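Here are my notes after going through the model. Have it open beside you as you read.

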Amino acid sequence: MKASLYSFKYIQFIFASLLFACIVSCSDTSNFSVSFNNDLTDSINSWIQQSKNRKLVISDRQKALEKAFENTNILHSDSVKNNYYSKISFEAVNLNSVNLFKIVNAKSLSLSNKLHDTLKIGEAHWNYAFYYSKNEVVDSAYYHYHKAYENFKKIKHELYTAKMLYNMAFAQGRLKDYTGSEISMFEALTIYKKLNRDKDLYQCYNYLGLIYMELEEFDRAIYYNKKALEYLKKINDKSTFREWSLSNLGLVYQKLSKYDEAIESFEEALNNSNLKERDINFYARLIDNIAYTKFLDGDTLNVFKDLEKSLKIRDSLKNSQGIVIVKRHLSEFFASKSDTLQAINLATEALNLANKVENNRDKLESLLLLSKIDKLNSSKYLKYYVHLEDSLQVEERKARNKFTRIRFETDEYIEETEKLSQQKVLILIGTFIALLFISLSYFLMVQRTKNKELLFEREQQKSNEEIFSLMLKQQSKLEEGRLKERHRISEDLHDGVLGKIFGTRIGLGFLSVKGDESDTKKHQFYIDELQSIEKEIRAISHELKSEVLSSKVDFLKIVESLITEKSKLGNFECNLDARDTIFWDKISDHIKINFYRIIQEALQNCIKYSKATQVAIQFDLDDELLKLTIKDNGVGFKFNDKRKGIGLKNMQSRAQKLNGLFYVDSTINEGTTIFVSCLIEN
C-alpha cells in the first residue's frame, strides 16, 4: 500500500512538473493556471464528499480522504491549501484515521502560524481538542479548547469563542471541576444570548442542570432544566432534546425522593411515538429509570419485568455502561426480596464489567452496593471503595490544578504581551516625533475606547458581586429556616408526642388487668414497648436539635464521639485527656472547629498509615494558650525525607488560620506526635 502511494505521488510530481513547463511555454499562462487550480479543487472537494458518504465502508472513505490530502499538497496557494487541511483534519477524526489526522493537523497549525492566520490557528487547536475529547484524554482536550478560545477571542469571533467556552465547561465537568465548569458555561451563555442562539442556549441550560444535580443543588437543577425546555420551544429541529431534558428532570426528582414527579417526567419522555426507532439506547434507559423509581417508591409491580427488558436491549446493543447500571438496579431488587445470593452475583457482574471498561464511577457505585449486601466481604469492598475514591480525588485535583495553571499561564502571557506593546508604542513615539500630533490623537481615541470598555467591565463585575451577595443571603436564610424547622419538630416530638405516650403508658400501668398469666405478661410487654418508643422518640428529638460545634452540645462529647467512631474503624485504643479547668463555652467556635478537624485528620492518618494500637489525645490550657497533643505508637515516618501529604498540609493550614503553632515529630517504629497551640482569644 505504501509503495503504491509513493508511486502515485511520484507520477503526480512528474505530471505537475511537465504541466508547469507547459504553462511557462504557453502565452496564456494565467488562464491555464486558474483552470488547473479549479480542476484540482473540484477533485479535492469530490474526495472529501466521498469520505463523508456513509453508504461506503470506512476503509474506502479513509482512502478517499487520503487522496484529498495528496491533491491538496499540490496546490500553490497556501491559504487555499490551509482551508482544505482544516477540513481534512476534521474528517480524519470522524473516520478515526489517527495517523492522517496527526500529519494533516500538524501541517495546518504550522501553515496557519506561518500565515499569521489566527482563525485557522484556532481551528487547528479545535481539531486537536475534538480528537482528544473523542479519545477521553480530557485534560489535553481542555488545553486545546482553551488555546482555540484565546485565538477566537483575539479576532472577536464571538460564536466560536462561545463554543470553546461551552466545550471547556464540558471538559471541566467531566473531571468534577464544577465551579470552573459553571463559570465557563455562564460566560458562554452571555455571548449566546447576545447572538440569539436558541439551540446553543438550550444546551447550556441543559448542562447547567446536570452540573447543579451533581452539586446536589436540586432546586437550581430543576430551574435550569425547565429553562432549557423553554428555549427548546423556539427550536425547529428538536431531535430527542426534549426527551433528554425530561429524563434529566426526572433524575433530579428521583434524587429528591419525589417519585411521582420523576415517573411522570420519565413517562412523558417515553411517550415519543418513534423514540424506540430513533434512539433505542435512550428508550432502554427510560424503561430502566421508570422501573427503578417505582422500586424506590416501594411499588415492585412489573419492576423485574421492565428491568429485564432494559437489560436485554442494552445487552443486544453492547452498551456496557447501561448494562452495569441495570444490573445494579436488579441487584438492589433481589436484595429487597432477601435473595442475597442473586443480588451479590448481579452486583459482582456489574463490578467486573465496570472494571473491564474502566468506568470509575460505576466501579464506585458497584463497590458501595456490594459493601451493603455482601456482609461477609463488606469490609473488603468498603476498603477498596475508599482507596479508589481517594485515588480518583487525587487525579481530579491534579486535573483541576492543571486547568487553573493553563488559565494562569495564559493571563501571564497576555500581561507580558501588553507590556511589550507599550514598549513598542514608546519606541514609535520617539522615532516618529514629526507625527506626534497624529499619533497622540490616535492614542487618545484608542485610550478612550479602552476606558469605556474597562468602565463597562467594572460595572459588570459590580453587578456580578451584588448578585453573588444576594445568593449568599438567600442561602443563609434557607439554612436558618431549615434549622428552625428541625427545632420545631424536635420540640413537638418531645413536648407533644412524647408527653402523650408517657401519659398513656402511666395510665396503662395503673390499670388492673384481670386474666391469666399470659394476659398479664402481654399487658406488661406493651407497657415496656411504649417506654422503648419513648426512648427512641427522645433520641430522635435530641438528634434533630443537635448542631455540629455551633450548637449547645458539649465540645468534648463531640470529640469523644469522633474518637469512638475512628477507633472502631482503625482497630486502635484512643484515650482523651482534657483538663477540667478548660471552659469550652468561652472558647470561640472558630477555634473548636479547627481543632476538631485537626483531630479528625490525625485519626484518619492513623487508620490509613500508622498501624497504631494506642492513640492519646490531650488538651491543656496554659494561661491563654490552648494546647492539643496527639500521640500514637505507630510505624512513624521520616518527616524530613518525605514530602508533606495533603493531610499534614491541611492541619498546618488550619493552625495558621488560628495564628497558632503546628509541630510534628515522628520516628520510625516509635510513633508520631502532633502538637498544635493557639491563643483562645483568637
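1. At what angle do the axes of helix α17 and helix α18 cross? They cross at roughly 160 degrees, and the axes of α17 (residues 320–336) and α18 (residues 340–357) come within 8 Å. Axes here are lines fitted to C-alpha atoms, for helices over the stretch in contact, with angles running from 0 to 180 degrees between N-to-C directions. The two helices are therefore roughly antiparallel to each other (under 35 degrees counts as roughly parallel, over 145 as roughly antiparallel, 65 to 115 as roughly perpendicular, and the rest as oblique). The crossing of α17 and α18 is left-handed, meaning that the near helix is turned anticlockwise from the far one by less than a right angle (clockwise would be right-handed).

2. A word on where this comes from: the model is predicted, with local features needing pLDDT of at least 70 and side-chain atom pairs counting only at pLDDT 80 or more, while totals for chains, interfaces and linings use all residues. Residues are numbered from 1 along each chain as its sequence is written, and side-chain values use heavy atoms, with hydrogens and water left out.

3. Back to that helix pair. On the α17 side, the residues that meet α18 include Ile-323, Val-324, Leu-330 and Phe-334; their partners in α18 include Leu-346, Ala-350, Leu-353 and Val-357. Contact means heavy atoms within 4.5 Å. By class, the α17 contact with α18 has 12 nonpolar, three polar and three charged residues (Ala, Val, Leu, Ile, Met, Phe, Trp, Tyr, Cys and Pro count as nonpolar, Asp, Glu, Lys and Arg as charged, and the others, Gly among them, as polar).

4. For the whole chain, I get 25 helices and five strands (DSSP runs numbered from the N terminus: H or I of at least four residues for helices, E of at least two for strands). Of the 682 residues, 36% are buried, where buried means under 20% relative accessible area, exposed over 50% and partly exposed in between, with a 1.4 Å probe and protein chains only. Among contacts with a separation of 6 or more, 61% are between residues 24 or more positions apart.

5. Have a look at α12 (residues 241–255). Its 15 residues reach 21 Å from first C-alpha to last, close to the 21 Å expected at 1.5 Å a residue; the expected span is 1.5 Å times one less than the number of residues. Since 12 of the 15 residues of α12 are buried, it is largely enclosed by the rest of the structure. The cover over those buried residues includes α10 (198–214), α11 (218–232), α13 (259–270) and α15 (280–296). Just after α12, Ser-257 has a positive phi of about 65 degrees.

6. Within α12, Asn-248 is worth a click. Asn-248 is buried, at 6% relative accessible area. Leaving aside residues up to four places away in sequence, Asn-248 touches Asn-206, Leu-210, Met-213 and Asn-225.

7. α8 (residues 158–174) should span 24 Å for its 17 residues at 1.5 Å a residue, and its end C-alpha atoms are 24 Å apart, which agrees. With 12 of its 17 residues buried, α8 is largely enclosed by the rest of the structure; Met-164, Tyr-166 and Asn-167 are among the buried ones. Just after α8, Lys-176 takes a positive phi of about 65 degrees.

8. Last stop: His-125, in helix α6 (residues 118–134). His-125 is buried, with a relative accessible area of 9%. Not counting residues up to four places away in sequence, His-125 touches Leu-109, His-144, Lys-147, Ala-148 and Asn-151.
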